[in-house]
Amino acid sequence: NWRASQIIRRELGVGFFHGDSLTIGMPAYEPNLWNAPQVINDNNCYNYAIDRRDSVRRNPGALAGRPVQVSLVWAGWAVAEAAEADGLQIVAGPLDIDRQTDDLWLAALVTAPPPVGTIFGDYHWYRRDEGGMWSHKSGFDSEATNLDEDGNPIDNPETCARGQYVHFFGYFIVDRTRLLP
């Protein structure tokens with residue numbers, strides 16, 4: 001099954017990106033591009049993580065025509081599977097910053113369990129920007145920021161203050177050349 005294959009790949013270090021000649025590149029942290037009135041309302045954390053500022057409200061899997069089911073958006077495995085269908089690649093841990101390029105960077109997935117008495121939780125994505133710090137956009141109608149829930153710059157999405165997003169699922173390579181159109 002998908003989950004077992006990811007655990008095996010993670011443990012063996014098989015199937016992960018192994019580039020040798022990569023240099024630092026984008027995406028740059030430019031919140032004004034994402035916080036403009038014509039952009040902010042129609043782009044969520046996934047759009048931000050994959051650097052698609054196109055005002056298409058999408059969930060992971062939408063590029064592949066298989067968006068994650070709304071009832072499963074809090075389940076890391078379901079969101080990860082949908083993101084992989086779009087072209088993202090799960091990795092065992094963060095890449096060195098010098099392996100990031102104009103076409104390749106890291107994203108991180110976290111999830112929030114359903115509140116008591118409900119069945120719907122949530123997911124959230126962070127992305128590593130040029131220079132090695134992390135940023136995110138909390139959803140539609142929210143601003144892009146490089147600060148965590150406590151107002152501190154994000155240097156590690158695993159340990160930053162994430163509010164309701166208590167489960168860290170993992171890291172993904174976003175490769176612009178592999179993302180579906």
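Predicted model: local features only at pLDDT ≥ 70, side-chain atom pairs only at ≥ 80, totals over all residues.
Two strands count as paired here if DSSP finds at least two bridges between them.

E4 covers residues 134-137, and it has a partner in strand E3, residues 122-128. The two run antiparallel and are joined over three bridges. If you follow the chain from E3 into E4, you pass through a hairpin with five residues between the strands, where Gly131 takes a positive phi near 100°. E4 also pairs with strand E5, residues 144-145, again in the antiparallel sense, through two bridges. That hairpin has six residues between the strands, and in it Gly139 takes a positive phi near 155°. For a closer look at the pairing, find Tyr126, whose bridge partner in E4 is His136, and then Lys137, which stands opposite Ala144 in E5.

Now turn to the side chains of E4. In a regular strand they alternate between the two faces of the sheet. Here Trp134 and His136 lie on one side, with Ser135 and Lys137 on the other, and all of them are buried.

What does the side chain of His136 reach at 3.0 Å? The backbone oxygen of Leu147 lies at that distance. Leaving aside neighbours within four places in sequence, His136 is in contact with several residues, among them Tyr48, His124, Trp125, Glu143 and Ile154.

From here, move to Asn43, in the loop between helix H3 (37-40) and helix H4 (45-49). Is Asn43 buried or exposed? Asn43 is buried, with a relative accessible area of 0%. A polar atom of the Asn43 side chain lies 3.4 Å from the backbone nitrogen of Asp54. Beyond its neighbours within four places in sequence, Asn43 is in contact with residues including Trp34, Arg52 and Val56, and also with Lys137, Gly139 and Phe140.

Our last stop is the largest pocket. Rolling a probe the size of a water molecule over the atoms shows where empty space is left. About 180 Å³ of space lies in this pocket. Its lining includes Asn44 and Cys45, Arg57 and Arg58, and Asp122 and Tyr123, along with Ser138, Gly139 and Phe140. By class, the lining has three nonpolar, four polar and three charged residues.

How values were computed:
Residues numbered from 1 in each chain as written. Heavy atoms only, no water. Helix = DSSP H or I, 4+ residues; strand = E, 2+ residues; numbered from the N terminus. Polar contact = N/O pair within 3.5 Å; in protein donor to acceptor, adjacent residues only side chain to side chain. Contact = heavy atoms within 4.5 Å. 1 Å grid on protein atoms, 1.4 Å probe; cavity = no way out; pocket = protein on both sides within 12 Å on 5 of 7 lines; lining within 4 Å. Points joined across faces, edges and corners; volume = space filled by probe spheres on them. Nonpolar A, V, L, I, M, F, W, Y, C, P; charged D, E, K, R; others polar. Buried < 20%, exposed > 50% of the residue type's maximum accessible area, 1.4 Å probe, protein only.
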